[in-house]
Amino acid sequence: MSVPDGVVTRTGLPQARERLRASGLVIVAVEQEDDDPPSDDPPLSRLLGVEDHAWEWFGRPQEEVRAEYHGDFAACVVPVVHGGRRINHVQVLVGPRHLVIVHRGPADAVDTFIGRLPVDTPADAVTALFLFLQGVLETFRRAVTDSHLEVEDLEEAMFVERRPEQVRLLAQVRRRAAQLHRAFLPYAALAQEILVRRRMTNHGLTDERRALNSLHEHTVQLVLLEIESLRDAARRAAGSYASLIADQQNVVINRLTVVSMIFLPLSFLTGFFGMNFAFLTNRMESEDSFLWLGLGLQLLAVVMAMYYVLYRTHWRQLRVNHARDALDDLDTLDSQP
């Protein structure tokens with residue numbers, strides 16, 4: 001695609017090579033097949049007319065995040081989020097008057113960049129490169145925002161009704177956040193190194209170039225913070241789900257405790273009066289004896305247990321707090337003139 005006077009046209013690879021020889025700013029986007037090219041095919045850089053051997057890696061599949069400078073040319077490999085889920089790697093080669101973008105399969109950032117070319121109309125290849133890289137960062141920001149909204153919806157649904165499906169969705173969001181972080185972290189480190197080194201070594205940078213560097217560096221750090229925030233939100237949502245499950249289990253345990261308290265006296269009565277020893281068989285001859293021994297022993301045990309529990313937990317704590325308040329009042333009176 002070339003952008004003379006804001007006009008965008010689509011061409012094939014042979015025509016793209018001819019356009020790269022033209023004067024003025026030329027932008028070419030090449031979409032390659034997912035299959036590996038035959039080993040005897042010439043490198044893509046040579047097909048585009050770039051004869052420097054340093055760029056023979058350009059266009060090769062399975063290239064990791066990288067950035068290199070040789071002469072008047074620079075090339076980089078950047079991660080791009082497509083469809084909010086899939087992460088692809090896009091290769092960019094920038095020269096004095098042209099920008100070449102190579103990607104395998106669809107890429108939202110490339111389509112958006114091409115669609116805005118008639119509106120943005122970059123003045124040179126470096127400005128076009130920064131515009132494209134800003135679009136790459138926006139794909140990560142959109143993916144993070146969508147995942148954030150998904151986590152918030154899941155958290156809201158948890159408090160209404162807890163379902164096992166929510167655990168699977170939370171696991172997917174946590175995996176997606178980890179993938180975004182793993183894909184973006186190398187680019188963030190590389191961008192920080194390249195942009196800082198470029199400002200420090202190239203003293204002839206214009207104010208416009210320095211502003212573009214600072215803007216891109218700030219956006220990179222912002223996206224990295226947003227990804228970290230997404231990971232924290234996913235962990236918090238998983239912890240909230242675990243807390244809700246624990247609360248539900250506590251309710252079940254409390255109900256079981258109430259039921260056991262109802263049947264415990266009955267179990268005691270059946271167990272106590274089911275023992276055949278001389279005292280029970282010789283002395284338990286009236287209803288009064290049954291009430292005094294059967295119910296009286298239970299009431300005595302319950303009263304002693306409640307006294308012990310209340311004394312150890314509540315009454316002693318109340319006395320300690322009362323004594324502390326009295327000491328605080330005395331200190332306040334002593335401090336007054």
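Which two strands pair in the antiparallel sense over five bridges? Select residues 66-70 and then residues 73-82: these are strand β2 and strand β3, and they make that antiparallel pairing. Two strands count as paired if DSSP finds at least two bridges between them. Strands (E, at least two residues) and helices (H or I, at least four) are DSSP runs, numbered from the N terminus.

Before going on, a word about what is on screen: this is a predicted model, where local features need pLDDT of at least 70, side-chain atom pairs count only at pLDDT 80 or more, and totals for chains, interfaces and linings use all residues. Residues are numbered from 1 along each chain as its sequence is written, and side-chain values use heavy atoms, with hydrogens and water left out.

**The hairpin**

Now move to the turn, where two residues sit between the strands of the hairpin. Gly 71 takes a positive phi near 60 degrees there.

**Along helix α4**

Next, select residues 125-160, which form helix α4. Show the side chains of Glu 138 and Arg 141: they meet in a salt bridge, at 3.9 Å from N to O. A salt bridge here is a side-chain nitrogen of Lys or Arg within 4 Å of a carboxyl oxygen of Asp or Glu, and nine are counted by this rule. Glu 138 and Arg 141 are about one helical turn apart because they are three residues apart in the helix. Glu 138 is partly exposed, at 31% relative accessible area, and Arg 141 is also partly exposed, at 24%. (Buried means under 20% relative accessible area, exposed over 50%, partly exposed in between, with a 1.4 Å probe and protein chains only.)

**From α4 to its partners**

Now pick Glu 150 and Arg 176, a salt bridge at 3.1 Å from N to O. Arg 176 lies in helix α5 (residues 164-201) and Glu 150 in helix α4, so the pair ties together parts that are 26 residues apart in sequence. Arg 176 is buried, at 8% relative accessibility.

Then select Glu 155 and Arg 236, which form a salt bridge with their closest N and O atoms 3.8 Å apart. Here helix α4 is linked to helix α6 (residues 207-273), across 81 residues. Which of the two is buried, and which is partly exposed? Glu 155 is buried, at 16% relative accessible area, while Arg 236 is partly exposed, at 48%.

**Last stop**

Finally, show Arg 60, Glu 63, Arg 66 and Glu 68 together: salt bridges that share partners join them into one network.
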